[in-house]
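Welcome, and please take a moment to look over the sequence and the model before reading on. We will walk through them together, one part at a time.

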Amino acid sequence: MSESYTVAELAAAVGGTVCGEAALRLSGIAEIDHAGPDQLTWAGDAKFTKLIPSSQAGAILVPHDADPTPMPAILCAHVESALVIAMKMLAPSQAMPAIGVHSTAVVDARARLGTDVAVGPLVVIGPGTVIGDHTHLHAGVHLGADCRVGANCVLWDQVVIRERCVLGDRVTLDAHVVIGSDGYGYTFADGAHRRLTHGGNVEIHDDVDMGAGCAIDRAKFRSTVIGRGTKLDNLVHVGHNVQIGAHCLIMAGAVIGGSTTLEDGVVIGGNAGLSDHVTLGRQVQVVGMSTVWSDLAAGMVASGIPARDHREHLRELATLRRGSALLARVKKLTQRVEQLEASADHLDSR
Amino acid sequence: MSESYTVAELAAAVGGTVCGEAALRLSGIAEIDHAGPDQLTWAGDAKFTKLIPSSQAGAILVPHDADPTPMPAILCAHVESALVIAMKMLAPSQAMPAIGVHSTAVVDARARLGTDVAVGPLVVIGPGTVIGDHTHLHAGVHLGADCRVGANCVLWDQVVIRERCVLGDRVTLDAHVVIGSDGYGYTFADGAHRRLTHGGNVEIHDDVDMGAGCAIDRAKFRSTVIGRGTKLDNLVHVGHNVQIGAHCLIMAGAVIGGSTTLEDGVVIGGNAGLSDHVTLGRQVQVVGMSTVWSDLAAGMVASGIPARDHREHLRELATLRRGSALLARVKKLTQRVEQLEASADHLDSR
Amino acid sequence: MSESYTVAELAAAVGGTVCGEAALRLSGIAEIDHAGPDQLTWAGDAKFTKLIPSSQAGAILVPHDADPTPMPAILCAHVESALVIAMKMLAPSQAMPAIGVHSTAVVDARARLGTDVAVGPLVVIGPGTVIGDHTHLHAGVHLGADCRVGANCVLWDQVVIRERCVLGDRVTLDAHVVIGSDGYGYTFADGAHRRLTHGGNVEIHDDVDMGAGCAIDRAKFRSTVIGRGTKLDNLVHVGHNVQIGAHCLIMAGAVIGGSTTLEDGVVIGGNAGLSDHVTLGRQVQVVGMSTVWSDLAAGMVASGIPARDHREHLRELATLRRGSALLARVKKLTQRVEQLEASADHLDSR
């Protein structure tokens with residue numbers, strides 16, 4: 001079940017002003033064409049604004065300079081920011097594990113837990129591991145030895161954090177994430193690939209989120225680093241020694257090769273691949289399914305295999321499409337040249 | 001161990017007619033060039049039929065109008081359909097967890113289990129969750145709060161179903177599948193990506209199968225939907241709010257962006273990527289490693305990055321291969337035109 | 001914590017000769033520009049050798065014919081091979097589960113464990129399963145019925161091995177690997193995809209490593225095989241009936257379609273895809289994000305979608321980049337031909 005709130009309470013929470021019935025109570029949130037009379041909705045742009053007259057929503061988040069609406073409105077400085085708060089308040093609750101340590105959890109006596117930590121069923125915590133205040137570990141989370149997990153983190157079911165890895169505050173890892181798996185490093189000797197033991201770790205800064213099934217390899221030495229506020233979608237691979245900056249977005253299925261660097265604000269599309277040892281400057285955007293073989297300068301939008309300037313690549317694709325027309329044209333031109341040659345011979349021989 | 005059956009019993013099960021020794025007992029099934037005297041095999045097409053004389057198989061499934069065979073035969077209306085039944089009967093048994101609740105399972109008192117449900121070791125079931133008759137939960141399956149799982153489902157080891165998700169009947173999820181992970185939805189405000197709390201769920205219809213490690217995100221509002229009879233291979237990502245129709249096939253490593261729609265009977269090749277908010281009409285086929293950037297009309301076979309008509313794309317590839325020949329040709333032609341021009345100048349100057 | 005060793009002990013272990021203070025004690029290893037006075041480093045090539053004078057390392061691995069170094073040196077026949085041993089000795093210890101069966105593990109009475117096996121918390125072992133000497137099963141590993149696991153294996157947290165699968169000796173599987181998931185095999189009959197029950201298994205030979213989240217499907221009949229010494233990175237998919245040879249390298253996110261064969265020493269780049277039923281000869285290399293649609297001859301380096309000879313593909317890409325220049329050139333040439341034609345008409349009409 002969701003909590004319920006009055007329009008006035010919601011307005012206070014999002015820092016907006018009520019216009020209309022402030023006492024109306026709402027217990028959910030939905031898009032403008034789906035919201036019912038006990039639900040909040042929002043209209044931040046023209047596409048949604050034009051649906052206001054026909055909406056059944058109980059109340060609406062609108063910009064502070066919006067036209068009057070048929071239902072109670074909350075006037076906001078930024079509708080999108082207000083929406084972040086309202087969605088959190090009005091979404092159905094997530095049923096977190098209870099504060100305390102579940103009787104089936106296996107917690108080493110040398111682990112240290114902060115205040116109000118929730119340790120769900122069948123969680124395993126190794127020796128020397130430290131967990132910050134208000135952190136929630138869902139059922140089946142495994143933390144190896146000597147890990148540090150910050151405050152207010154949420155680790156969903158069966159997340160595995162291997163030995164000596166470090167998480168900041170407010171880190172959210174969805175189910176089945178693996179942090180600190182061995183890096184993929186071998187040397188070929190005496191007829192076989194010999195594993196290089198990876199003695200480093202993974203360091204995840206504050207406010208990082210990861211989707212289900214991501215796998216982040218530990219460094220050979222020192223740390224694989226994921227910077228503050230960076231968000232990974234599902235099933236992303238991050239190789240050993242990778243350095244990812246702050247506020248990056250990395251979409252599902254992307255593969256980031258070892259020792260590669262992403263500066264702040266980089267965006268990587270779905271299923272894209274980055275080679276080992278390349279550097280992507282600040283704000284680089286890589287289109288999905290592209291592959292980066294070499295460094296990309298700050299601000300570049302890149303696509304293709306290998307990735308190059310996106311506009312240039314689109315022009316190449318357009319040229320390719322005209323390829324068979326070009327072929328036909330050259331064939332035709334050849335015939336005309338042949339005719340001209342024949343005629344030139346004829347003139348010459350006159 | 002596999003069960004053993006007589007040719008007569010197998011014929012009855014597949015709805016076929018025995019031709020030869022009906023009492024022969026078989027305890028396995030194998031391809032025609034590998035089957036031994038206690039094994040069944042099949043020959044539904046010319047490739048296999050020509051191997052019948054040299055086969056050691058104990059008995060064989062053949063079409064009802066097939067030529068006589070040296071071993072006992074079961075004549076079938078459709079060999080492929082008969083094979084589905086015979087493989088199920090003759091495969092080694094899968095060692096399902098025992099009916100009842102294992103002593104190490106953690107089942108909330110407010111969960112409701114149907115008749116003959118098998119709950120394996122270390123399974124976790126949250127409050128309000130309902131499980132249908134004859135469903136098998138292998139070791140370490142986690143079901144969050146308020147989930148509904150239908151009848152005759154099989155959930156393999158360490159499947160995670162998060163809160164409020166719904167599964168139909170006869171759903172099979174292989175190990176490590178995650179259903180209901182948070183959707184990847186953020187809004188950038190005050191210098192950081194802010195998470196939009198995803199209050200929706202995932203709805204999986206009857207007869208869906210998923211391979212190991214698939215991750216299916218919950219909707220922002222309402223449901224991410226996977227339609228009846230759709231089959232996902234391993235490590236497939238399905239984004240928030242995606243609507244997948246009935247009887248689709250989605251190969252390993254495919255990534256389906258948020259709010260995208262697949263109508264019935266769509267086929268997606270391995271490692272292919274679909275952008276957000278695109279619609280693929282009925283029976284669309286997308287070749288592996290292609291990327292769909294825009295809607296595809298029903299029945300279309302598409303390939304390339306971005307995906308376009310497959311035949312057209314193949315023609316483009318062929319043109320590309322002739323690219324250097326074309327370059328050489330244009331160079332040659334230019335020389336001939338230069339000669340003509342020189343000769344025309346000469347004529348003009350006469 | 002790492003163990004500590006004297007230079008003499010390390011030299012003995014790697015089969016090298018000490019040059020300098022043999023009694024110096026080292027407790028870690030790092031790259032040449034990061035190593036401190038209690039750490040070992042190495043310099044096997046010119047890039048690292050030139051950093052020796054400025055290095056703070058306590059001791060160094062160098063080739064046996066190297067110039068004298070300011071710090072104690074261990075002269076080695078092969079620096080890379082020595083490094084494999086030294087990294088293993090000097091990396092921080094990995095905190096393996098204790099020898100014996102943890103009290104929370106669920107081990108079937110019909111399972112058989114070798115000498116000095118370590119079974120961590122919440123491990124599940126099915127009936128008939130046999131585990132070799134000195135094998136370590138981390139927390140939450142699940143082994144189905146009738147599996148065989150060799151000696152000296154390490155299975156990290158929550159690895160799932162389904163029924164009847166077989167692992168050789170010294171196999172290392174990182175967290176969340178799934179071995180023996182059902183193959184993706186269906187036949188369309190009576191309006192729906194019908195699952196073909198997969199009665200085969202997976203066979204993993206000695207010295208295989210797999211990264212986190214790999215999923216290896218069982219064969220329809222007989223075995224999916226991964227050959228001796230082959231190393232898989234994270235999140236790799238291997239389809240049913242695949243036959244992978246010895247000493248292959250398969251990078252993160254690669255997808256290998258059913259019944260495909262990789263001969264010995266094949267290298268597959270990240271996110272690459274191999275279709276069903278293709279054969280890659282010995283030592284084939286497939287560049288990342290390429291897709292193999294047909295057989296590749298031994299030794300070939302292939303790239304592109306579909307994959308072709310890598311050099312040829314690079315030439316095609318270069319041609320594509322000159323595509324718009326070519327277009328302009330043909331346009332220009334056409335104008336010149338038109339002029340020639342006009343002039344020829346003029347001459348003719350004289």
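The paragraphs below go from the relation of the chains to their contacts, and then on to sheets and cores.

Please keep in mind that this is a predicted model. Turn chain B by 120°, shift it by 0.1 Å along the axis, and it can be laid on chain A with an RMSD of 0.1 Å. That is the relation of a three-fold axis. Chain A, in turn, superposes on chain C through a rotation of 120° with 0.0 Å of shift along its axis, again with an RMSD of 0.1 Å.

Now let us see where the chains meet. How many residues does the contact take from chain B and from chain A? It takes 57 residues from chain B and 56 residues from chain A. On the side of chain B that touches chain A, the elements giving two or more residues are β21, β22, β23, β26, α4 and α5 of chain B. Of these, α5(B) gives the most, with 9 residues.

Strands β21(A) and β26(A) pair in the parallel sense over 3 bridges, and I179(A) stands opposite I216(A) in β26(A). Strand β21(A) also pairs with β18(A), which spans residues 160-161, in the parallel sense over 2 bridges. There the bridge partner of I161(A) is I179(A). Strands of a sheet pair through backbone hydrogen bonds, either parallel or antiparallel.

Next, turn to chain C, where 5 strands form an open sheet in the order β2-β7-β6-β5-β4, with mixed pairing. Which strands stand at the edges? They are β2 and β4 of chain C, and each has a single partner strand, so one side of each is left without a neighbour in the sheet. The partner β5(C) runs parallel to β4(C), joined to it by 2 bridges, and G28(C) has Q39(C) as its bridge partner in β5(C). Helices pack on this sheet too. Helix α1(C), residues 7-14, touches β2, β5, β6 and β7 of chain C, and its direction makes about 10° with that of β7(C). Helix α3(C), residues 79-90, touches β4, β5, β6 and β7 of chain C, and its direction makes about 155° with that of β6(C).

Finally, look inside. In soluble globular proteins, nonpolar side chains tend to be buried together. The largest nonpolar core here has 213 residues, and those touching the most other members are V123(A), V159(A), V123(B), V159(B), V123(C) and V159(C). Leaving aside its neighbours within four places in sequence, V123(B) is in contact with H102(B), A105(B), L137(B), A139(B), G140(B) and V141(B). Apart from that core lies another, of 33 residues, among them A30(A), W42(A), A86(A) and F221(B).

Definitions and conventions: Residues numbered from 1 in each chain as written. Chains lettered and ligands numbered in written order. Predicted model: local features only at pLDDT ≥ 70, side-chain atom pairs only at ≥ 80, totals over all residues. Pairing = 2+ DSSP bridges. Helix = DSSP H or I, 4+ residues; strand = E, 2+ residues; numbered from the N terminus. Contact = placed C-beta atoms within 7 Å. Least-squares fit on C-alpha atoms with pLDDT ≥ 70 in both. Axes fitted to C-alpha atoms, helices over the stretch in contact; angles between N-to-C directions. Core = buried A, V, L, I, M, F, W, Y, C linked by C-beta atoms within 7 Å. Buried ≥ 20, exposed ≤ 12 C-beta atoms within 10 Å, placed from the backbone.
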